[in-house]
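This report describes selected features of the structure shown below.

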Amino acid sequence: MSHRTEGVNTERQSMIAQKMLTTNKRQKTENISGKTIAMICAGLLVIVVLSITYFIASKGLSTFFVDGVSFKEFLTHDKWDPEGEPSAYGVLPFILGSFFVTALAALIAAPLGIGAAIFMTEIFPGFGKKVLKPVIELLVGIPSVVYGYVGLTLLVPFIREQFDVLGFSLLAGGLVLALMILPTITSVAADAIEAVPQDLRNASLALGATRWQTIWNVVLHSALPGCLTAIVLGMSRAFGEALAVQMVIGNTTKLPGGLLEPISTLTSGITLNMGNTIQGTPYNNALWSMALLLLAMSFIFIVILRLLGRKRLAK
Amino acid sequence: MKARLMDRAATVVLTLIAVLIIGTLVGLLGFILSQGWHKLNLDFLTSPPDIVNAGGGIGPQLFNSLYLLVLTMLIALPLGIGAGIYMAEYAPDNKITQFIRMSIEVLSSLPSIVVGLFGLLVFVNMTGWGYTLFGGALALTVFNLPLLVRVTEDALRNVPRSQKEASLALGITKWRTIVSVILPAALPGIITGAILASGRVFGEAAALLFTAGMSSPNLDFTDFSMNSTTSPLNPFRPAETLAVHIWKVNSEGLTPDARDVADGAAAVLIIAVLLFNLSARWFGNWVYKKMTSGSN
Amino acid sequence: MSVLTMQETIIQTNNVNVYYGEKHAVKNISMDIEKNSVTAFIGPSGCGKSTLLRSLNRMNDLVPSCRVEGSIIVDGIDINSSQVNIESLRQVVGMVFQRANPFFKSIYENIAFAPRFHGMTNKRDLDELVESSLRKAALWDEVKDRLRDSALSLSGGQQQRLCIARAIAMQPTILLLDEPASALDPISTMKIEELVMQLKDEYTIVIVTHNLHQAARISEKTAFFLMGELIEMDETGKIFTSPENEKTEAYISGRFG
């Protein structure tokens, strides 16, 4: 092998060799700046998330560090009277209101959504894909103020007449939210159910199980983490929804009493009062603290979703 | 026998649920459109609202919604596509990438009111702009960025790898390969996603209450100077959109026909959203047909 | 190996090893490839022939876990050295892939796209280049009236010839063909083979093929690979009639593969 040239012979370079060594400056610059721009765009996402967290936290924490409200009082007292003498900053009614209305929405929407998901994957896939899926997608697209508006003009008067109450109520809020999160639950649950291997179904059917027994014992069992994910996603959407809820729940700052009584939520409290309070006042700061609670809740939802996702992968 | 009966019952119940959902949508659309139908005339769509008397229209609000949509997309699309390109083509498999992914996840699950409040702090107060269309567009950008990034990333990843190989093998740089070969092939997916995002922008209200504001100056539709405070095109003026208008009319409307106005506005909003949705669907199908009928 | 040929060597590999992560895909390969000839790489699937081919224009750079050791010298230059501009290298060493991969663009644009990027902006020059490339790829007569049509409207064989035309338009010195006819019908395959025979006067061609008859028909030199190793490389006639290695003999006579 002694005839082989070792390494690069720079003295005897032909046209071809020269060509390989030429770099087009303009192309190289464009190549690098393109990558840099794309990287900046992606970095911007991180910056936005960090600054949202930072700004809302710094505003929201001033209730405790500047205005001297105790954290415990803020979370556990049920008296909300920021303009009173002495003022009281208990946001428990808002917190409970948010949780109750979210739980109610999930209680209504989860069975319906998962039922619809089973219908479109297991019972009538053809009809499900052609009709139900587009319907669900359209429901996602309807703006939340429209849901709120329909709740206000249809649902609230209906409840008022049926039960001889005000109409603005936890029930109205729960129903409106249930409708809003139904599409989320349905489509995510449908994906989870569709991902269950066909072999499992065949095995169960071959053992003589009916279609429903198969769905109930086999399909739903292995799609369970996915269905839970669907419900949690829906709940996180319900918890953060502002205007639709605010329009129908009555906005009375007291602890939730019954299904038919008006309540407040974190979002409705912020929506109604943020524009009417002066920046920097303890009242205004307390609203930012409520916003911080919302932010914290959406982080908690993400953690739950991550845990469920891991469980799904582990299976 | 019991099992067979259960099976039957379950099928019936599930079918009822499906019917209920379809019925709800039909009822919802039917209700809104039938309530608002009589308001859908040119006068209502073009004349300004009246604060005290009946007979006001939604002209400025409709214009604001459309203008805000354009502004938002002008900002959000380049950023979303840029970040999508990074995630699909450049992002190495490491902790930083995981952190970016997590940020996208967080951003997409933030309540829109929280995004609006962030906008209030940064785009309204810190910048000293006050309530502006531009601030609203930035808040909506934050709100829609995760969707656009994900749509772009998916669309780029769905382009066959062989396209990229073909281009690179011709000595085309990676960036130009992405821009001139992969991106055009991914465009149908990106456009469909962008149309759906547009529907979201058009219907969003909570993020706008404290960024674009709840009022519009008296607009002079003959003045297009960008700088004048009454010019409709001036991005640094407050602007109430259609969705915000529906909310405001219902919570603090004074006019005797507030209900009527809200009916009409809701109908317009729904029609717009339906148009966005149907055009996205139609466009997707059209491109699919065009792409597949060409090859044999 | 034939050391004393009069032919000029254009590609020389010295102890080339290629790894995909832990997998040792190409083992210690040293070979010379002659200018303006057709060299065929044969061997059973997974023998490393395509991997080696893709190392010759550094397409393996696309695979993050891939590592290439040893030197690959093209016209006196080590292509893996940092002075080499990868985009320019790929203009010199063109490639055609196993499955036709025309861009989702018009027939004209498929060919004009890369030259335009590399600086040819004059419309007349581009028109001429498109025509001459399509003529060389024996496709001109079939598509001259529909240059603006989508390339996807062509048949599979036409698409592959378009890809060859696209590679030729870059005026490469070397053309790498990675099983260019494996997805085509016999008639299209025949056309591609005829094309390769015509192109070898102008270009150095390295072709990976599964089809032994194809290798025998079109190549001057044949290299037989097995499990990442170069078992034997010689004149094609010799490989197919009297190979020195018994493994080669076994493969040629169809005992495995």
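## Interface of chain A and chain C

In this predicted model, about 2,000 Å² is buried between chain A and chain C, and carbon and sulfur atoms account for 51% of that area. Chain A contributes 20 residues to the contact and chain C contributes 29 residues. One salt bridge is counted between chain A and chain C: Lys28(A) pairs with Glu87(C), with the closest N and O atoms 2.9 Å apart. Seven residue pairs in polar contact, both residues being at pLDDT 80 or more, are also counted between these chains.

On the side of chain A that touches chain C, the elements giving two or more residues are helix 1 (15-21) and helix 2 (25-65) of chain A. Helix 1 of chain A provides the largest share, five residues. By residue class, this side of chain A comprises five nonpolar, 10 polar and five charged residues.

## Annotated regions of chain A

An unreviewed UniProt entry annotates residues 36-57, 91-124, 136-159, 165-193, 214-235 and 286-308 of chain A as "transmembrane region". Within the model, residues 136-159 of chain A are 92% helix and 0% strand, and the end C-alpha atoms of this span lie 26 Å apart. Residues 214-235 of chain A are 95% helix and 0% strand, with end C-alpha atoms 28 Å apart.

The feature "domain: ABC transmembrane type-1" is placed by UniProt (unreviewed entry) at residues 95-305 of chain A. That span is 79% helix and 0% strand, and its end C-alpha atoms are 21 Å apart.

## Domains of chain A

The domain assignment divides chain A into domain 1 (2-60) and domain 2 (74-314). The C-alpha centres of domain 1 and domain 2 of chain A are separated by 45 Å. Contact between them involves six residues of domain 1 of chain A and 10 residues of domain 2 of chain A.

About 640 Å² is buried between domain 1 and domain 2 of chain A, with 72% coming from carbon and sulfur atoms. Of the area that domain 1 of chain A buries against domain 2 of chain A, 74% is supplied by Ile56(A), Lys59(A) and Gly60(A), more than by any other three residues. The side of domain 1 of chain A that touches domain 2 of chain A consists of three nonpolar, two polar and one charged residue.

Note on methods: Residues are numbered from 1 along each chain as its sequence is written. Chains are lettered from A and ligands numbered from 1 in the order in which they are written. This is a predicted model: local features need pLDDT of at least 70, side-chain atom pairs count only at pLDDT 80 or more; totals for chains, interfaces and linings use all residues. Side-chain values use heavy atoms; hydrogens and water are left out. UniProt positions are given in the numbering used here, feature names are shortened, and annotations may be inferred rather than shown by experiment. Helices (H or I, at least four residues) and strands (E, at least two) are DSSP runs, numbered from the N terminus. Contact means heavy atoms within 4.5 Å. Buried area is the accessible area (1.4 Å probe) that two parts lose on being put together, summed over both. A salt bridge is a side-chain nitrogen of Lys or Arg within 4 Å of a carboxyl oxygen of Asp or Glu. A polar contact is a pair of N or O atoms within 3.5 Å; within protein, one must be able to donate a hydrogen and the other to accept it, and residues adjacent in sequence count only if both atoms are side-chain atoms. Ala, Val, Leu, Ile, Met, Phe, Trp, Tyr, Cys and Pro count as nonpolar, Asp, Glu, Lys and Arg as charged, and the others, Gly among them, as polar. Domain bounds come from an automatic or database domain assignment.
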